[in-house]
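Student: I have a model open and would like to learn how to read its fold. Could we walk through it together?
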Amino acid sequence: MAKGFRWAVLVVALVVLPVAIRSGVAAASSPRMVRVGAAPRVPAGARSLGAASSSASLSGTVVLKPRDNAALVRFIDAVSDPSSPLYHQYLPAGAFAGRFGATKATIDDVRSQLAADGLRVTGVSSDRLLINFSGSVAHIEHAFRTGVRRYRLADGSTGQTTTSAAALPSTVASSVIGVVGLNDLVRVRPAGIARAPASDRGRIRRAATATFSHPSGAPTPCPAATADAQQFGGLTDDQIAHAYGAFGLYDSGDLGQGQHIALYELEPFLYSDVRTFDTCYFGAGRAAAMLSRLHVIPVDGGQPTGPGSGEANLDVEDLSAMAPDATIDVYEGPSPGTNGVIYDPVDEYAAIIDADRDQIISTSWGLCEQAIQAGQPGLQQAENLLFEQAAAQGQSVFAAAGDNGSDDCNTFETSTVASGQNPVSVDDPGSQPYVVSVGGTTIENAAVEPPVERVWNDGGTGGATGGGISESWTMPIWQRDSDVPGIALPGGADYTNANAVEQEFGYAPNFCQSSVAGAGSSTPCRLVPDVSSQGDEFTGAVTVYDASEGGWVTIGGTSSSTPIWAAMLAVINASQTCASRSSTRDGVGFVSPLLYAVASNSADYAASFTDVTTGNNDVYDLDGGLVFPATTGYDLASGLGSPQLTAPNGGAGLAYYLCSFATTTVRPVVTDLSPAYGSTAGGERVTITGSGFESGGVPDVAGIEVGSAQLASNAFTVNSATSITATLPAAARTLPPNAPAPQDGAGPAEVIVTAADGETSAPGPSSTFEYVDGTATSVVPSVTAVIPFGGSESAPGTATVLGSGFSGATKVTFGGVPARDFTVDGPNRITATPPPFSASTACSPLPTTGVYEGENASNDICQVQVKVTNHNGTSATAHILPPLEGAIEVNNLGVLVAPAGCGCETQLAPTEYDYLPAPRVTSVSTSAGPGSWLNEDGTSVLTAHGVGFAPMDIDWADFGDPALESSIDVDYVYVTGTEMQIVAPPQAATTNPLVVPFSVKTLAGQSNAVPVTYAPTPPS
């Protein structure tokens, strides 16, 4: 709503209070205490009411670090990158905790510490990131070594804040990002509905409109809504939807069916208002059906019945009108300031994202970055973790960019910059990297499609779209790597002008680079908004129904722009274009990277967006409109522009291109190399067996890599869809720059097949070629490879040991235990039968934390050294690292990539042999939970638990008869020794449930088969 995106308190001249710990609860002795985060600051003008009562109750949340945030970010990048095998393979519901949440040990430690300090743990979020607690003020002051004081704010409300950052024992502090919920002096709060003053009605030129036909199911306003729009200068929802090309989808019956949209609200609304609105646009019968899909989910006690300020009404009615067949889930938390005991703005986001039933999330509530940094330290970081989780799960979060132009910290909404505040500022959560920030435009002419628009800026008294450069976050990769023109970079005009305004008011030079960790001349800061849509309350306001405001009213602001975009994406997700592609049948997923990918192609950009090039959001004219002007391409006032879902003639628009860019393809598979080893000199003629080497009977292989070497096109021939003949290069060409010894190339190299669309085969035992140096004449033996490099613990098969100096070998050992028998085939090769795994076998130790927690030789892997001895000595050993486990990531050559700092191996050491337990599947579940069915379109992720799934030694999974190559699946998402997440392959459409056996093939053999069921295709 116009100017409804406001903050109850402006953080001005904030003061840090000294720590005031009550002597009665001060700790006598304890481990070293560590302050976590920053101290909160009290807003100027707040009046102290003294120390909070010791017996008063408070609650809060300890925010835990994910077990590996860098891996989480890499996973999001991979599922957002069309060139990655993980593209679009989002985490299934409930999988985040096991992959990235804090470990059980960490949670137990924090819980124990809270309990020891007299606090009650009231819950742990299902993602394992948040631990909620409650207790008396006295216990909270003691637990966190701080004081709690009460204040009366300028608006008359009261609240409390701690007097310092929370302190925690060093034993748990390193696992904690912050403690939130104890400080509630800085709050989000909509300030009520704003519309054009009566004196301006009839004077301000309203947007031009035209009549148009309404297909069945499209929003069609009743006379009352139309009359209000005409009287007060607004637009009805159908006029806005039509201008943005939604009618091209409505005409095909695409109305948001099957989509779930979550609304973040901190106030109530009246069902009767929504019923009146829906009845006006869709008739009484359909309105009743729509209300049955409108759900209110209370959080932290929720809201009382009754009307709110109008924010929730606006959000619900915008969604209802523009995506009428969608399900709307309204999450309601307590209003800020009404219950300081339980108010915690992060709880609602956690509830929405942990539930993972809404593909789209919309919020029009927020705080200016500087206010939230000062008044609620740690909250931004907590939100960021949750929004990362949403992105990893394929959810899209839309947030309003704010209504105070480039100066969105001006919460007093004065006509000039308020003293003591940043004059250039943006809002959280819109500025969060994993959120789509939505700005506002003014529709000047809705009679044409696309509409004529400019940046919404009605000055200091009328409001303007938020937008600018974040002073909290660096630029996400999809914004930084996009080819759309106009992305603001350090040294450019936008940075220079913003920096000049900041310095004029006494702030540090270098703008965001001086405040954002990691920002610099080569690392830009996050830019907002990402996109825009109608937001002007004067000339293009949307008409909504609110009985408390007298009935039909016109409202604007980015609080309206945001649900418009959320509704548009729901309609896109439900469109026939997305439905026709298996990978987008449930929608496009995390949309931020796709928006910039579409805009990076000039033709697609022109068809998908209206590039707003007129106006600026310099709401107080601080710099003659140079902060920030609309330009061609991306700009800091309108982002990429407003949506154009379809062309005026029904042709391709944003709906088509988003669905197309989100489409995935089938990757090739390598199942065998023959021969599997050869000379380091190269020239070996190898037959590559597998699948996906042809498409429609035509060769579909763009390239083959052997290690780091790219084969020339004349070095391989595609014989059929399942066979390739290739001549391998010399081993020295296959070495990466940091290859371990021996540097002559003896050892393994992955053979990766790349299809014409960029999809690559997955690495694995079946695609590993071993180079052997046949010219070495060392006297002491040297082991350079073992084939196969693993086998069953109980009955390992024959292995070939490759290397040099094997003449006269007297002993071969595996993990220190002599081989059952061996034969010296020559100076470079030994055939040996490894001994069974036993208590005497010396295993390389596995880590005990993170993804390795609970993993051991009996359920995962035992890595051992292979040694050969002759009369001159025993072969040296290479260092064995723990195996890569967890998220599966490959580089552009299709080779496994080890996360930075993991200290793990992606390719076995030359002297390594792996003992594996026989693979066994103990349980399976799908993306929708245990016992649910897979989708025939290939969009489900199957999670299997069991033993013996070691990712370095797994061949593949089988969905069907293991004897059939068509059953093979290698689309792994996540693999450890005891858990596999894999994308279930598509199946031919059926009208009855289809049951297929699921099993796993490793170097230790084929597992048992467990039935999994595909759901039948619903009748059309």
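Tutor: Gladly! Let's start with contact, which means heavy atoms within 4.5 Å. Among contacts in the chain between residues at least 6 apart in sequence, 76% join residues at least 24 apart.

Student: What should I know about the model itself?

Tutor: It is a predicted model: local features need pLDDT of at least 70, side-chain atom pairs count only at pLDDT 80 or more, and totals for chains, interfaces and linings use all residues. Residues are numbered from 1 along each chain as its sequence is written, and side-chain values use heavy atoms, leaving out hydrogens and water.

Student: What radius of gyration does the chain have?

Tutor: That radius is taken over C-alpha atoms, and the globule rule is 2.2 Å times the number of residues to the power 0.38. For 1020 residues, a compact globule would come near 31 Å, and the chain agrees, with 31 Å. Its C-alpha trace spans about 105 × 75 × 55 Å along the principal axes.

Student: How many of the residues are buried?

Tutor: Buried means under 20% relative accessible area (1.4 Å probe, protein chains only). Here, buried residues make up 61% of the 1020.

Student: Which residues touch the most other members of the largest nonpolar core?

Tutor: A nonpolar core is a set of buried Ala, Val, Leu, Ile, Met, Phe, Trp, Tyr and Cys residues joined through side-chain atoms within 4.5 Å. In the largest, with 182 residues, they are Phe609, Leu640, Leu658, Met980 and Phe998. Not counting residues up to four places away in sequence, Met980 touches residues including Leu942, Phe949, Tyr972 and Phe998. A second, separate core has 24 residues, among them Val62 and Ile140.

Technical notes. Buried < 20%, exposed > 50% of the residue type's maximum accessible area, 1.4 Å probe, protein only.
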